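This report describes selected side-chain pairings and the surroundings of one residue.

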Amino acid sequence: VQLQASGGGLVQAGGSLRLSCAASGGTLRSNARGWFRQAPGKEREFVAAITWSNGDSTYYTDSVKGRFTISRDNAKNTVYLQMNSLKPEDTAVYYCAAPNSGRWMYRAPSLSEYDHWGQGTQVTVSS
C-alpha cells in the first residue's frame with residue numbers, strides 16, 4: 001500500500017491549505033488514518049487522526065485544535081487535513097500514515113502502531 005500526500009506549499013500566516021492523502025496499491029484493513037509533522041531539528045509529532053466505527057471520531061494535538069480539521073472520503077480512499085489560520089510554527093513536513101490492520105474505537109493509534117507512511121509534503125508558513 002502506498003500513501004501519497006499532497007497539497008503542501010508556501011502560505012502567509014493566517015492563510016489556509018488543504019492536504020490530501022490518497023491510498024493506493026492495496027487494501028488497508030484498519031479504521032484509522034493520521035497526520036504527523038516534523039520540523040527541522042525536532043521529532044515527528046502527532047497532528048490529527050480520524051477513526052471510524054459507528055461514525056467518525058477525530059483527534060487533534062492541542063496546538064491545532066480549532067484550526068485544523070481532518071476528514072475522509074471513503075469512496076476516494078483519501079484523507080484530508082484542512083489547515084486554517086496557519087502560523088509560522090506550523091511549518092514542517094507533514095506525513096500521512098495508516099495502520100495496516102486493527103480497529104480503534106476510543107483512541108487514535110499511537111505512533112508505533114502506524115505501518116504505512118506517505119512521503120511527506122512541505123508546509124511553510126511565512127510571518
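In this predicted model, R37 and D90 form a salt bridge in which the closest N and O atoms are 3.0 Å apart. The pair joins distant parts of the chain: R37 belongs to strand β4 (residues 32–38), whereas D90 sits in the loop between β8 (78–83) and β9 (92–98), and the two are 53 residues apart. R37 has a relative accessible area of 5% and is therefore buried, since the cut-off for that class is under 20%. D90 is likewise assigned to the buried class, because its relative accessible area is 1%.

R37 has a further partner in E45, with which it forms a salt bridge whose closest N and O atoms are 2.6 Å apart. E45 has a relative accessibility of 33%, so it counts as partly exposed, the class between 20% and 50%.

A salt bridge also connects the side chains of R72 and D56, with an N to O distance of 3.1 Å. This pair, too, links distant parts of the chain, R72 being in strand β7 and D56 in strand β6 (residues 55–60), 16 residues apart. R72 is partly exposed at 27% relative accessibility, and D56 is partly exposed with a relative accessible area of 44%. Elsewhere, salt bridges with shared partners join R37, E45, R67 and D90 into one network. Six salt bridges are found in a search of the whole structure, and those described here are listed below.

| Salt bridge | N to O distance | Relative accessible area |
|---|---|---|
| R37 and D90 | 3.0 Å | R37 5%, D90 1% |
| R37 and E45 | 2.6 Å | R37 5%, E45 33% |
| R72 and D56 | 3.1 Å | R72 27%, D56 44% |

F68 lies in strand β7 (residues 68–73). Its relative accessible area is 3%, and F68 is therefore buried by the under 20% cut-off. F68 and A48 are 20 residues apart in sequence, and their C-alpha atoms are 8.2 Å apart in space.

How values were computed: Residues numbered from 1 in each chain as written. Predicted model: local features only at pLDDT ≥ 70, side-chain atom pairs only at ≥ 80, totals over all residues. Heavy atoms only, no water. Helix = DSSP H or I, 4+ residues; strand = E, 2+ residues; numbered from the N terminus. Buried < 20%, exposed > 50% of the residue type's maximum accessible area, 1.4 Å probe, protein only. Salt bridge = Lys/Arg side-chain N within 4 Å of Asp/Glu carboxyl O.
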